[in-house]
Structures are given as structure tokens and as C-alpha cells.
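Subject: Structure handover

Hello,

Here is the structure we spoke about. Please open it and keep it beside you as you read my notes.

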Amino acid sequence: MVEVKNILVLGAGLMGSGIGQVALQAGYNVTMVDVDDKFVNSGVAKIEEGLKKLEAKGTLGEGVTASALLAKCNKSTNLASAVKNADIVIEAVVEKMDVKQKVCKTTMDNGPKHVIFASNTSTMSITEIGKDSGAPDRVCGMHFFNPVPLMRCIEVIKGANTSEETFETAMKIAEKLPCLRGQRLIAPVLKDKPGFIVNRLNAPAQIYLNWIFDQAKEKGIAWERIDADAGGKMPMGPCTLADYVGLDTMIHVAGYYKETLSPDFEPAKVVKELVAVGNLGAKTGKGFYDWSKGRDAISEKVKNAQPAGLFNLENTMAIMLNEGCRILEEGVASGFKIIDDANMAGMNTPGPFSGGKNNYEKWSKMLNELADATGKNYFRPCELMKSGGFTKMRK
Ligand code: NAI
């Protein structure tokens, strides 16, 4: 197995700076690379800020100082030369296939014979990124969650051509990266499928929400009444959450799953209409709600609203269980425990299996009713869910 000492983090933005920070904390030599000095410097400044905060809290470890760690951090704007002494490149550049393929090939053309290229992509095929690099066996995925120092989950993804050695090396590195909220949860993703584990598990609830948004609009039901349906059981009701995430982002993500999983991911008409007039949610001050008076004013409205009786949280658990079972059927994860654990570590919410073990018959029935009511066949329960076969697939 490759002995890793030097990690090159490519792309010094939001994710790259978080990855660089935890790699330094783990004791690796880190080189931060971006296209321009100003991006590299701003990424390193964020790392410095993060490390100094930890030092002040006394959580860097016995005798470890921020400045000693920063002394192991190099900067570069030239991947081809910086990669010469890298053992692994962890890539967090823009989410564009041609850019990722290009930097992957530059890595393989110029790096040492053992160098590994690990992509932090959320939505792209690892196999596709590596296919023309000249060494697809040394390409894998390492998918982090934002903010990297805080979120425990890292998904390590096997592309169709990833070698066992590459995969094992990436797993080992991931396990060494510290996390402020306790032990890391490293989820092995055994097949290169859209959304990997955590994002995939949570994706199809969007089909349900989009249907509800259009139903509410059609029936003239106020948004706060939909949020009131969640009855405080979610940190934010579905409309507030959609505004918070950004309605444009929701459309973008839905478009991806529409292409890769099912046409049923078509976004709601009302969401498309809001985006068309520039109401993208909290970031533009307007979406489902008017955000000019802050989130508290919205919460107050929700608190005083009468529930609409349209959104049922149990349906979303049933939808998640079905998707979790598809993940198992397709061999993306080896067992349901890792799926539930990864969801908790990546989203801070419980996965569907512990509830699903006792409810799969009822939930399968609910999903068939939902498919009938919405015309969305993607909700129909898969074989592994209906039969309860998943209950024997813990590990
Ligand atoms: P960002 O926009 O903050 O950072 C991207 C950085 O890459 C920028 O500094 C940019 O200058 C640099 N860059 C662009 N082309 C480059 C090239 N050819 N060589 C070197 N650097 C280049 O983006 P962010 O949010 O950090 O995302 C990076 C990647 O991580 C994307 O693939 C994204 O899908 C993925 N990701 C993002 C998450 C998030 O919550 N933001 C979560 C998980 C994955």
C-alpha cells in the first residue's frame, strides 16, 4: 500500500480549505493549489483562522500549535509541478466534468507513478472523471460534507476501474482525518452511482415536496400551513428549508437526478416560476417567503398557522427507506447500518432503517398510495423493501 505523507489539495475554496485544515491536523504535509494566488491565499487564510480557533480552545492536541501545522502547508498555482512530490491529490475544484478530467490527467501525466487522484465531487461519475487519465485504477472519490472539520462523514467511492489498493489507501487517509464532533464515519461506496449514499438517500423526498408545493399553490394554501404540517419535528419546515437551500439549487439538483435516476424528479411548477422571476429564497430576500424581516418572523408565522394536512413526515421516512433499499439492491453499500450511520454523520438526521424494520409493510402500502395519488411511479416500493429482505442485510 502507498505510504502517504504529502497531500495536495486542489481548489482552495470552501471545501478545499476545510480538507486542507483537517489534513494538516492529521500531520500530513499539505500543498494548497488553485488557479490564482489570491484564491490560494484566501484558502490558506481560512485554514489559519480555523487552526487558531482550535488552538485557542485547546483542541489541537498536546504540544501542537497552529503555527507548527501551518509550517507544513505549502502553496502553488502550478499543479503540474506541485504534483511531482504528491502521494495523493484531493480535488475540490468547480463541479464541471471537463475541468475535473483535465486536472485528473495533469495529475497522472506529471505525478509520481503511485499518485492517487481523489475527487470530492457530489454529482459526477468517478469512472468518467478518470477514464482518459491514463491511470483510472488510481482514481477514486472522497466525498466530504460541509463544513469539513465539523461533519463526521466521508464517503470513499470506488469507480468502475478503481484498484483495491487505491480504495484501501483512500479509506486509510479518510480514517486519519480528525473531526471536531467525534469519530469520523467513513462510508465505503462500492459502486459509482448518482448521489453515492447520503445524497441519494435524501434525494427522492424532493419529488414528494415538489408535488406538495404545486398542490398547495393550486389549492391556495399558504406556505406556512405546509410548514406547520411538520409540527416542529423537522429543524425547518419544507418551504422554509427550500428557501434556505435556494430554489435555484433545488432545481439544479432535481435536474441532475431527473437525468440520472428518473423523470419523476421534475421540479415543481411553482418553484420554476419563482426562480424565473429571480426569487431564489433567503439569499435574494424572497422565495416562498419574504425574508426581509429575518427567519424569526417566518418561524412565528409558521407557529401561528393551522396545519394544512398535506405534508406527512412519515411519507418521507417511507420514501427514504425505499431509496435505502435500492442502494442495497444495487450493491452501492454493503448493509443498512452503514447507510443509517452515514446519514447521521453527513446530515445530522437519523436514517430510515431503524424505523423501517418494524414499519416496512405499512410504509410499502403508503408508498403505493402515494404513487397512485401523485402519478409518480418512482415512489413504488422496490422488492427488497416490500419483502422486508433488507432486514437481513445489516452489515
Ligand atoms: P468553491 O467555489 O468554494 O471552490 C472551488 C475552487 O476551485 C475555487 O477556489 C476555484 O478557483 C478553484 N478552481 C477552479 N478551477 C480550478 C483548476 N482548474 N485548478 C485549481 N483550482 C481550480 O467550491 P466548493 O463549494 O468548495 O466545491 C468544490 C467541489 O466540492 C465541487 O466539486 C463541489 O461539488 C464539491 N462539494 C461541495 C460541497 C459544498 O457543500 N459546497 C459539499 C461536497 C462536495
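Val245 counts as partly exposed, because its relative accessibility is 44% and that class lies between 20% and 50%. Bear in mind that this is a predicted model. Val245 sits in helix α11, which covers residues 238–245. Together with Leu241 and Tyr244, Val245 makes a nonpolar surface patch of about 280 Å².

Now to the ligand. There are 20 residues around the ligand. Those that come nearest are Leu14, Met15, Asp34, Glu95 and Lys100. Sorted by class, this shell holds 11 nonpolar, 6 polar and 3 charged residues.

Which elements supply at least two residues each of the shell? They are α1 (14–25), α5 (97–110) and β6 (139–144). Helix α5 gives the most, with 3 residues.

- Asp34: an N or O atom of the side chain is 2.7 Å from a ligand oxygen.
- Lys100: a polar side-chain atom lies 2.8 Å from a ligand oxygen.
- Asn120: a polar side-chain atom lies 3.0 Å from a ligand oxygen.

How much of the ligand does the protein bury? Taken alone, the ligand exposes 830 Å². The protein buries 73% of that area.

Then turn to helix α11 and find Val245.

Best wishes

Conventions
Residues numbered from 1 in each chain as written. Predicted model: local features only at pLDDT ≥ 70, side-chain atom pairs only at ≥ 80, totals over all residues. Heavy atoms only, no water. Patch = residues over 30% accessible without salt bridge, like charges linked within 9 Å, V, L, I, M, F, W, Y side chains within 5 Å. Areas by Shrake-Rupley, 256 points an atom, 1.4 Å probe, with all protein chains shown as cover. Salt bridge = Lys/Arg side-chain N within 4 Å of Asp/Glu carboxyl O. Helix = DSSP H or I, 4+ residues; strand = E, 2+ residues; numbered from the N terminus. Buried < 20%, exposed > 50% of the residue type's maximum accessible area, 1.4 Å probe, protein only. Near = heavy atom within 4 Å. Polar contact = N/O pair within 3.5 Å; in protein donor to acceptor, adjacent residues only side chain to side chain. Nonpolar A, V, L, I, M, F, W, Y, C, P; charged D, E, K, R; others polar.
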